[in-house]
Amino acid sequence: MFDVAKVREDFPILSREMGGKPLVYLDSAATSQKPNQVIDAEADFYRHHNANAHRGIYTLGEEATEAFEGARATIARFFGVEDAARLVFTRGTTEALNLVALGWARPRLHEGDQILLTEMEHHSNIVPWQMAAKATGATLVYLGLLDDGTLDLSDLSAKLTSRTKVLAITGMSNALGTIPPVRQLADAAHAVGAVVVVDGAQSAPHLPVDADALGADFFAFSGHKMLGPTASGGLLGTRERLEEMEPVFGGGDMIREVFPQDATWNDVPFRFEAGTMQVAQQIGLAAAVAYLSALGMDEVRAHEVELTRYALERLTEAGATVYGPTDMAIRGGAVSFWYRDVHPHDLAQILNEDGVCIRAGHHCAQLVMRRFGTPATSRASFSVYNTTDEVDILIEALAKAGDMFAF
Ligand SMILES: Cc1ncc(COP(=O)(O)O)c(C=O)c1O
């Protein structure tokens with residue numbers, strides 16, 4: 001049974017006050033808060049086991065390597081992957097997507113090839129593909145959005161063709177909350193021989209994810225959005241695709257042998273992990289996925305569905321325009337809205353006076369903003385520790401801001 005009061009006890013930051021008001025943190029899509037279990041795992045590593053991984057053959061070095069590789073296995077398993085070598089550690093989603101664009105796509109793309117994206121992608125799943133396209137002569141093609149924030153699939157067969165080499169798609173939109181039909185699109189992409197890259201930055205923290213069942217050749221995720229430390233996360237790939245990928249960074253531990261003019265590469269995944277890695281952070285992320293697994297991802301999802309449904313109802317009643325789908329089966333807990341005629345930046349500032357943290361801006365999704373004809377939105381986003389009482393506080397604070405700013 002999911003007990004939010006008990007969950008909240010694990011997050012020390014939630015007992016903070018902001019200007020005498022309880023902290024109401026509604027910006028988990030930007031980064032989540034961290035439970036004691038994660039903070040303690042990272043601190044314990046530094047206190048008792050700190051050494052560089054894959055280097056020292058003394059006991060402490062072996063402990064560090066064991067903990068780091070143990071973290072790899074735990075995190076891969078969280079995503080349904082038993083072969084830990086299929087997980088390349090990165091600082092997060094952006095680095096993981098750039099790794100695929102540079103190491104896998106760029107050496108393979110040619111003039112006339114196409115990369116299929118959607119208009120709801122985060123800039124991290126657009127710009128690396130633009131760079132790859134410019135370098136190779138490939139072009140970008142976009143699936144558009146319907147008014148309800150879902151994908152317009154009416155022209156899918158014209159856009160997904162034998163020219164498509166990559167389908168890069170989000171598992172959940174950070175700007176609209178939309179959960180696109182990734183498996184259906186992955187099957188269609190595979191049928192034309194394209195490789196499927198899933199941006200899991202928002203789906204990994206909030207949905208049960210099995211990377212293989214999703215049809216992902218590559219699945220990128222950020223630890224800091226799923227209760228883990230900053231600079232943790234990674235790229236899951238199929239063995240075949242990872243073996244094909246070129247290293248992007250050269251340096252320590254990614255080599256097998258180095259000669260004056262050349263070098264040979266270490267095995268997957270180490271050939272993609274040049275230099276000292278985020279050892280403590282990935283160990284912290286393993287504690288985060290253990291925490292999420294103990295809660296149960298189905299329970300996490302059910303909790304967030306309930307909160308989001310309540311937030312959509314209350315925001316709509318309060319006169320806000322809410323973007324994105326209203327069907328909870330295809331939406332997550334990132335709720336973008338426009339409240340009366342108050343600019344999101346003013347709104348975020350006023351809400352801050354009541355201890356309420358929301359995000360205002362384009363959310364690194366300018367194509368979404370352009371599609372809906374707005375320069376910015378206000379966004380409340382939820383995680384395991386949020387409550388319906390906090391939604392009520394948000395709504396009260398909105399009314400106050402409306403009285404101050406709205407015409
Ligand atoms: C959908 C999506 N993709 C990618 C990213 C980038 O994640 P990171 O900054 O952790 O690399 C974000 C972060 O907001 C996101 O929401």
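1. Basis. This is a predicted model, in which local features need pLDDT of at least 70 and side-chain atom pairs count only at pLDDT 80 or more, while totals for chains, interfaces and linings use all residues. Residues are numbered from 1 along each chain as its sequence is written, and side-chain values use heavy atoms, leaving out hydrogens and water.

2. Polar contacts (pairs of N or O atoms within 3.5 Å). The side chain of T94 has an N or O atom 2.5 Å from an oxygen atom of the ligand. For D199, a side-chain N or O atom is 2.6 Å from a nitrogen atom of the ligand. A polar side-chain atom of Q202 lies 2.7 Å from a ligand oxygen atom. Of the 400 Å² of accessible area that the ligand has on its own, the protein covers 86% (Shrake-Rupley method, 1.4 Å probe).

3. Salt bridges. With a side-chain nitrogen of Lys or Arg required within 4 Å of a carboxyl oxygen of Asp or Glu, the count is 21. One of them joins D212 and R86, at 2.7 Å from N to O. The pair links distant parts of the chain, 126 residues apart: D212 is in the loop between β8 (195–199) and β9 (218–222), and R86 in the loop between α3 (59–78) and β4 (87–89). Helices (H or I, at least four residues) and strands (E, at least two) are DSSP runs, numbered from the N terminus.

4. Backbone. Most residues other than glycine have a negative phi, and most peptide bonds are trans. D253, not a glycine, has a positive phi of about 75°. V268 and P269 are joined by a cis peptide bond, with omega about 5°.

Key
Polar contact = N/O pair within 3.5 Å; in protein donor to acceptor, adjacent residues only side chain to side chain.
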